[in-house]
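This report goes through selected strands, a sheet, a helix pair and a chain contact. Please keep the sequence and the structure in view while reading.

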Amino acid sequence: MNALSPLERKLASAAQTSLLDVRDLHTHFLTDTGTVKAVNGVSFQIGRGERVAIVGESGSGKSAMAMSLLRLLAYPGKVVSGQINLDGRDLNQMSERQLNQIRGGEVGTIFQDPMSSLDPVMKISNQMVPPIMRHLRISREKALAEAISWLDRVGIPDAARRIDGYPFEMSGGMRQRVMIAMALSCKPQLVIADEPTTALDVTIQAQIVELLRELTEETGTAMIFITHDLGLVARFAHKVGVMYAGKLVEFGPVKDIFAHPSHPYTQSLLDTIPPVDQPERRRLAQIPGFPPDMKVPVVGCAFKERCAAAHKQCFETAPKLSSRGPGHTAACWRPEGLGTARHLNAELVPSMVSNTEDPVVVEIFNLHKHFVGRSVLPWRVPPTVRAVNGISLSIRKGETLGVVGESGCGKSTVARLLLGLDPATSGDIYVEGMAQMVFQDPASSFNPKMKLSDIIGEPLVVTGWGTRAERGDRIRELLTQVGLDEGYMQRYPSQLSGGQRQRVAIARALALKPSVVVADEPTSALDVSVRAQIINLMVDLKHQLRVSFVFISHDLLTVSYISDRIAVMYLGEVVEYGLTDEVFRNPTHPYTQALIAAVPIPDPVAEEARTKKPLSGELPSPLNLPLGCAFASRCPKATDYCRAEKPALRALSPTRDTACHYAN
Amino acid sequence: MLTYSFKRLAQLFVTILGVVTLVFFTMRMIPGDPISAMAGDNLSGAALDQMREQMGLTEPLLLQYLKYLGSIAMLDFGNTVTTKLPIVQLILGALPVTVTIAVGTILLTVLISIPLGTLAAYMAHKGNRALDNIITGAAMVLDLMPSFWTSLVCLLVFSLVLGWFPASGMVSLDDPGQLLRRVTLPIVVLSMAQIATMARITRTSVLEVLNEDYVRTARSMGWSELRVLFRHALKNAALPIVTVVGLSFGNLLNGTVIVEFIFTLPGIGNLLVGGINSRDYQMVQTLILFYAMIFVVINFATDLIYRVFDPRVQF
C-alpha cells in the first residue's frame with residue numbers, strides 16, 4: 001500500500017481528472033408486470049487508462065449499467081436519471097445523433113458472445129472500415145490499411161486476406177479478436193467490455209485478457225470490464241466495483257478489496273470460490289436465499305436477508321457508500337462487514353474417500369469414438385472426426401474423477417459413451433451397476449409439464465421399481481438428500497431457481513442408486529454463490545452415499561476442489577492422469593501446465609507474480625490429426641521428435657501417467 | 001455447386017413427371033371429353049364415336065398415356081383439339097400479359113410490404129405498439145379479402161363508377177399505355193393479398209434480427225438507426241423474405257387465372273380456363289406442364305438468391 005509502483009503513481013495522478021464520472025445513474029425496465037429498477041443509483045469515476053472491473057451475480061444490474069452508459073439498452077430498458085460525464089460532457093443529455101459520434105469513436109464496446117456479435121452476412125472489412133472512415137475522418141484506403149494493421153495487432157494471421165472473409169469462417173477466439181480490433185480501431189478513450197471472455201475457453205480467455213491488457217496499456221485506453229469471474233478481476237483490474245441489486249456495494253483498488261473486503265456480500269463472494277493450493281479443503285461458503293425482486297422497492301439494505309451480520313438498522317435504512325480506506329468505499333453499517341460471522345474456518349472436508357481396497361466401478365479400456373462424415377465422391381475417404389481417440393480410465397467406488405480440457409477435446413463424448421447414449425467405435429466400457437447423468441442446463445433437461453415428483457420418479461417407474469407408495473417414499477428421501485423439502489413434490493420446473501433445478505437433476509440421477517453419476521458441466525450455468533451450494537451438495541453426497549462421480553468441467557478451480565483424481569484431455573486423448581493435488585501442484589505435461597497457468601486465481605498479489613505467457617494458438621481440427629503428438633503445434637517444448645513420434649501415456653510414478661516424451 | 005445443380009435437375013424431372021401423370025388422369029376423370037364438348041347436341045352418337053376413334057381417344061388409357069409421354073419427350077406439344085392451332089404458339093402469344101401481371105404484382109408487393117413490415121418491426125422493437133398494431137391489423141384485413149371479391153369491387157369502383165381504367169377492350173403489346181391501363185387493376189388486386197403475407201413475414205423476421213447481438217454491435221459503433229435497420233437488420237432478415245417471394249410466385253399462378261378471367265385479359269390463365277371448359281386435354285396438359293416448369297425454375301432461382309444474401313449458404 002505505501003510503496004507505489006510508477007504505474008500506480010501515474011494512475012493516481014490521472015484519476016484526479018477522471019475520464020468518466022457517473023453520478024447517481026438510474027436505469028429502469030418498464031415491463032408489463034412492473035418496473036424493474038435494474039440500476040438504482042450508481043456513482044463511480046474512472047481515470048484515464050484505468051481498468052475498472054464491475055462484478056456481481058446475474059441480475060445484479062452490472063450489464064444494464066454498462067449498456068446504460070452509451071444508451072445501448074434494448075426496449076423496455078431506459079436510463080431514467082443520472083449523469084454520465086465523459087470528459088466533461090454529459091452523455092445522458094446528448095441526442096442520439098450526438099451520441100452516435102461518441103459510440104464507436106471515443107467509447108468502444110466489446111460484447112460477450114463473439115459468435116453472435118459480428119454481422120454474419122457482412123465481410124469483416126465492411127464492418128470495420130466504414131466506422132474508421134467515419135470516426136477518424138480518413139479515406140477508404142487509409143481506413144482499410146488501419147483496419148488491417150489492427151487485425152494484425154490482435155493476432156489475426158494473414159490479416160490482409162482475412163479481412164475480406166466472413167465471421168463464420170473464424171473460430172470464437174478469432175472473432176473476439178476481431179471484436180477487440182473493431183472496438184479499439186477508432187482510438188477510443190474508453191472501452192466497455194461486457195463479459196468479453198465468458199464464452200471462451202480458459203486458454204483462449206488467457207490470450208484475450210492478455211491482449212486487452214497490452215493494447216489498452218499501449219494506447220492508454222481506460223476500460224470498464226464487466227465479469228462474474230473474480231479470478232479475472234484479480235488478474236486484470238486496477239479497481240473493482242461490486243454490484244448487488246442495482247447498487248454498488250463496494251468500490252476500491254483491487255488489492256485492497258481482495259485483501260480487506262469489507263462488505264458482507266464481497267466477503268461471501270470471495271469465500272464461495274474454491275481456494276487454490278490449500279493442503280486441506282474446507283466447505284465453501286454459501287450465500288443463502290435469493291437476490292431481491294427488483295420490481296419491489298427495497299426497504300433498508302438489499303442484502304439484509306442473506307447477511308449473517310444483519311441487525312435492526314439494516315432493516316430500516318439503506319447504508320450509503322462510506323470510506324474504508326484510500327479510494328475504498330463500502331455500503332454497510334458495520335465497518336468490518338460480516339466480521340467474526342465470516343466463513344473463514346469452516347469445517348474440513350475429508351479429502352480422499354476411496355482407497356486402493358475399494359472395488360473398481362468403471363473401467364474404460366482403449367475407447368475410441370469416430371464420427372464419420374459423408375464424402376461426396378464414393379471413392380474418397382470420408383472425413384472422420386476422432387472425438388475420442390483411445391482413452392483408458394478407471395474409477396473406484398466413492399471416487400470422483402475430474403475430466404478437464406478445452407471445448408472440443410472429447411470430454412462430453414466420453415460422458416455419452418459411458419452412459420451408453422452413443423455406441424463406441426471400438427474399445428471396452430465396463431460399468432459395475434448403473435451410470436446416471438446430470439446435465440449442464442437443468443432447465444432444458446426436464447419436461448416442463450411434469451411435476452417434480454414425476455420427474456424424479458420417472459426412472460423408478462421406467463424400471464418398475466417398487467410399489468406406488470414405495471416410490472413416493474423414495475422420492476421424499478431423495479429430495480431430503482439434495483436439501484429440498486417434501487413440498488417441492490407438487491411443483492413444476494418453472495417454479496424453481498437454477499440451483500434448485502440442479503438439485504432436482506441430481507436427485508433424479510440418484511433415484512436408482514447408481515454406482516456412478518456423470519456430471520457434465522453441472523455448475524457452469526449457475527451463479528457463483530449457487531455454484532458453491534451445488535459443489536457442497538455433491539461433496540456431501542459423495543461421503544454419505546459413497547457414489548462415484550465423473551465431474552466434467554472447464555472450470556479448473558471447481559474440478560480441483562471436488563475431484564480425487566483428474567484426467568486432462570486434449571483432442572480425444574488423456575494427456576495426464578493422476579491424483580488431483582499432485583497434478584495441480586506439479587503438472588508434468590506442457591498442456592496441463594498451460595491450462596493451470598491460464599486459470600486466473602482470485603488473488604491479485606499472486607496473479608502479479610505469475611508469468612503470463614498464454615498458450616498460443618487454438619485447438620487444431622480433429623479432422624486431420626497430426627502424426628506425432630497432438631499438442632506439438634502449440635507446445636513450447638516441441639521438437640521434431642514430438643512431431644514424428646506420438647508419445648504414449650506412461651507411468652511417471654505410481655499415481656501419475658503422462659503422455660509426453662519430455663516429462664519427468 | 002455442380003453436384004447441386006445435377007441433383008436439382010433430377011428432382012425437376014421427377015416433379016414434372018408426377019405433374020404430367022396427375023393431370024393426364026384427372027383430366028380424363030372429368031365427365032365429358034373434347035368431342036362432346038365441341039359437338040354439343042348437334043351430332044349423333046355414331047359420328048362422335050368416329051371422331052373419337054380418329055383422335056385416338058378410344059385406345060386403352062395406358063397406351064394413350066405412353067404415347068403422350070413419348071410426344072413430350074420429343075418436345076411435341078401438339079395442337080389444340082378444337083382449333084387445331086399449335087399450343088406452344090398460343091402460350092407464347094398469351095405469356096406477355098401474364099408475365100406483366102405477375103412481375104408487376106411482385107414488384108408492387110415488395111416495394112410496399114418490405115418497408116411496411118420493417119417499419120412495423122422497428123416500432124415493435126422500440127415498444128411503440130400502436131403503429132405496429134395498425135400495420136399488422138391492416139395487413140390482416142387485406143389478407144382476409146378473397147381476390148375474386150376485391151376484383152369485382154375494384155371493377156365496380158374504378159372502372160364503372162370512376163372510369164379510370166377500362167374494364168375490357170383490346171390488349172396489344174404494341175401499345176404499352178393501353179396494356180398498363182388494363183393490367184393496373186389486376187396487379188393491385190393481386191398485390192393486396194400478397195402484401196399482407198409478405199409484410200407479416202418481414203415484420204417477424206426483422207423483429208427477430210433486431211434483437212440479435214450484432215445489431216447491438218452496429219449501434220455500438222455509432223451507426224444511425226436507419227443504417228442499422230437497412231444495412232444490418234434487413235439483410236440478415238432477407239432469407240425468409242426471399243422464400244416467401246418465391247412461394248408467392250406460386251400463389252400468383254393461381255391468382256392470375258382468376259383476375260385474367262374477371263378482367264377478360266388474354267393471358268395464359270384464360271387459356272387454361274378455356275381449355276378446361278372445352279375439355280381440351282392437350283391444351284390443359286401442356287399448360288399445367290408449363291406452370292410446373294415455371295414453379296420449379298423459380299424455386300431453383302430462390303435457392304441461388306439465398307447465396308447472395310447469406311454467404312453461409314453452401315450448395
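How many residues of strand 22 (residues 565–570) of chain A are buried?

## A covered strand

The model is predicted. In it, strand 22 of chain A is mostly covered, with six of its six residues buried. Both of its faces are covered. A:Arg565, A:Ala567 and A:Met569 lie on one side. A:Ile566, A:Val568 and A:Tyr570 lie on the other.

Strand 22 of chain A pairs with strand 17 (residues 400–404) of chain A through four bridges, and the two run parallel. Here A:Arg565 is the bridge partner of A:Leu401. Strand 22 of chain A is also joined to strand 23 (residues 573–579) of chain A, this time by six bridges and antiparallel. A:Val568 has A:Glu576 of strand 23 as its bridge partner. Strands 22 and 23 of chain A form a hairpin with two residues between the strands. In this hairpin A:Leu571 takes a positive phi near 50°.

## An open sheet in chain A

Eight strands of chain A make an open sheet with mixed pairing. Their order is 6-7-8-3-9-10-13-12. Strand 6 (107–110) and strand 12 (322–325) of chain A each have a single partner strand, so one side of each lacks a neighbour in the sheet. On average, neighbouring strands of this sheet are turned by 20° against each other, direction ignored.

Strand 9 (residues 239–244) and strand 10 (residues 247–253) of chain A run antiparallel and share six bridges. A:Tyr244 stands opposite A:Lys247 of strand 10.

## Two helices in chain B

How do helix 5 (residues 87–125) and helix 11 (residues 268–277) of chain B meet, and at what angle do they cross? Their axes come within 7 Å and cross at roughly 130°. The two helices are therefore oblique to each other.

Helix 5 of chain B contributes B:Leu90, B:Ile91, B:Ala94, B:Leu95 and B:Thr98 to the contact. Helix 11 of chain B contributes B:Ile268, B:Gly269 and B:Leu271. By class, the contact has six nonpolar, two polar and no charged residues.

## Where the chains touch

The contact between the chains takes 23 residues from chain B and 25 residues from chain A. On the chain B side, helix 9 (213–220) and helix 10 (225–262) each supply at least two residues. Helix 9 of chain B gives the largest share, seven residues.

Which classes make up the side of chain B that touches chain A? It has five nonpolar, ten polar and eight charged residues.

Technical notes: Residues are numbered from 1 along each chain as its sequence is written. Chains are lettered from A and ligands numbered from 1 in the order in which they are written. This is a predicted model: local features need pLDDT of at least 70, side-chain atom pairs count only at pLDDT 80 or more; totals for chains, interfaces and linings use all residues. Axes are lines fitted to C-alpha atoms, for helices over the stretch in contact, and angles run from 0 to 180 degrees between N-to-C directions. Angles under 35 degrees count as roughly parallel, over 145 as roughly antiparallel, 65 to 115 as roughly perpendicular and the rest as oblique. Two residues are in contact if their C-beta atoms, placed from the backbone, lie within 7 Å. Ala, Val, Leu, Ile, Met, Phe, Trp, Tyr, Cys and Pro count as nonpolar, Asp, Glu, Lys and Arg as charged, and the others, Gly among them, as polar. A residue is buried if 20 or more other C-beta atoms lie within 10 Å of its own, exposed if 12 or fewer, and partly exposed in between; C-beta atoms are placed from the backbone. Two strands pair if DSSP finds at least two bridges between them.
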